[in-house]
Amino acid sequence: GNVTSIIVLRNPWTRAVSGYRQKLSSERTQGGKLLAISRRITNTVRQDTDLYSDEQCTFEEFVKYSVQIGGIKDKHFKPQIKYLMANIMRYDKIIPLEYANIMADDIFQEMGKNITFLRAYDQTTDPRQQNSTVKAKKWLEELSEKDPELVEAFYKIYREDFELLNYSNFSHPNFPLPLL
């Protein structure tokens, strides 16, 4: 039979913030699933401390550590283009996560399938208002004012992800949507 290959990509900024919040942060809602990585980051970045810290890393420390080592290799933080091999595999459809709810229904209908795409856990349907987007915009604007070179170095790790779907930067009014 016919096979249709589909991948869903996410704006790298919101993906990084969401991954940090879910896996490394101390947020009560979802954080701390990768405590060992979070503590490694804390102890590597906070070189001025003599004691081993069991504190979870801040977002800024996560960014610094990522830049220091050229990107975290864990699947939650690795550039999507490498994880999904989007630069060498042929996919029939590449869908921006921000439009997945809308586009997936059309794609499945086009394929003759009666499938409903899983909906986002964030009940805000406008991706520009979702929690990780709002936090990404705030945190990256603050970090950009404090250390623009760090933000640029972090961007370079995910540059190919941004280019694949022409994703907007956090300073753009339609962040995190792709620029059409």
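Guide: Begin with contact, which means heavy atoms within 4.5 Å. Leaving out residues up to four places away in sequence, serine 38 touches Leu24, Glu55, Gln56 and Cys57. Serine 38 lies in helix H2 (residues 35-45); helices (H or I, at least four residues) and strands (E, at least two) are DSSP runs, numbered from the N terminus.

Visitor: Is serine 38 buried or exposed?

Guide: Buried means under 20% relative accessible area, exposed over 50%, and partly exposed in between (1.4 Å probe, protein chains only). Serine 38 has a relative accessible area of 0%, so it is buried.

Visitor: What should I know about the source of the coordinates?

Guide: This is a predicted model, in which local features need pLDDT of at least 70, side-chain atom pairs count only at pLDDT 80 or more, and totals for chains, interfaces and linings use all residues. Residues are numbered from 1 along each chain as its sequence is written, and side-chain values use heavy atoms, with hydrogens and water left out.

Visitor: How is confidence read?

Guide: pLDDT is the predictor's confidence in each residue, from 0 to 100. The protein has a mean pLDDT of 82, with 85% of its residues at 70 or more. Helix H7 (residues 148-157) has the highest confidence, at 95, and helix H5 (residues 100-110) the lowest, at a mean of 74. Where pLDDT is low, the predicted coordinates should not be read in detail.

Visitor: Which residues of H5 are buried?

Guide: Ala100, Ala104, Ile107 and Phe108 are the buried residues of H5. Down the helix axis they fall within an arc of 95° (taken from the directions from the axis to the C-beta atoms), so they line one face of H5. These buried residues pack against strand E1 (6-9) and E2. The face turned away from the buried side carries the exposed residues Ile102, Gln109 and Glu110. After H5 comes glycine 112, with a positive phi near 80°.

Visitor: Where is lysine 78 found?

Guide: Lysine 78 sits in the loop between helix H3 (59-69) and H4. Its relative accessibility is 28%, so lysine 78 counts as partly exposed. Apart from neighbours within four places in sequence, lysine 78 is in contact with Arg15, Ile72, Lys73, Tyr83 and Tyr158. Between lysine 78 and serine 66 there are 9.9 Å, C-alpha to C-alpha, and the two are 12 residues apart in sequence.

Visitor: What about methionine 89?

Guide: Methionine 89 is in the loop between helix H4 (80-83) and strand E2 (93-96). With a relative accessible area of 42%, methionine 89 is partly exposed.
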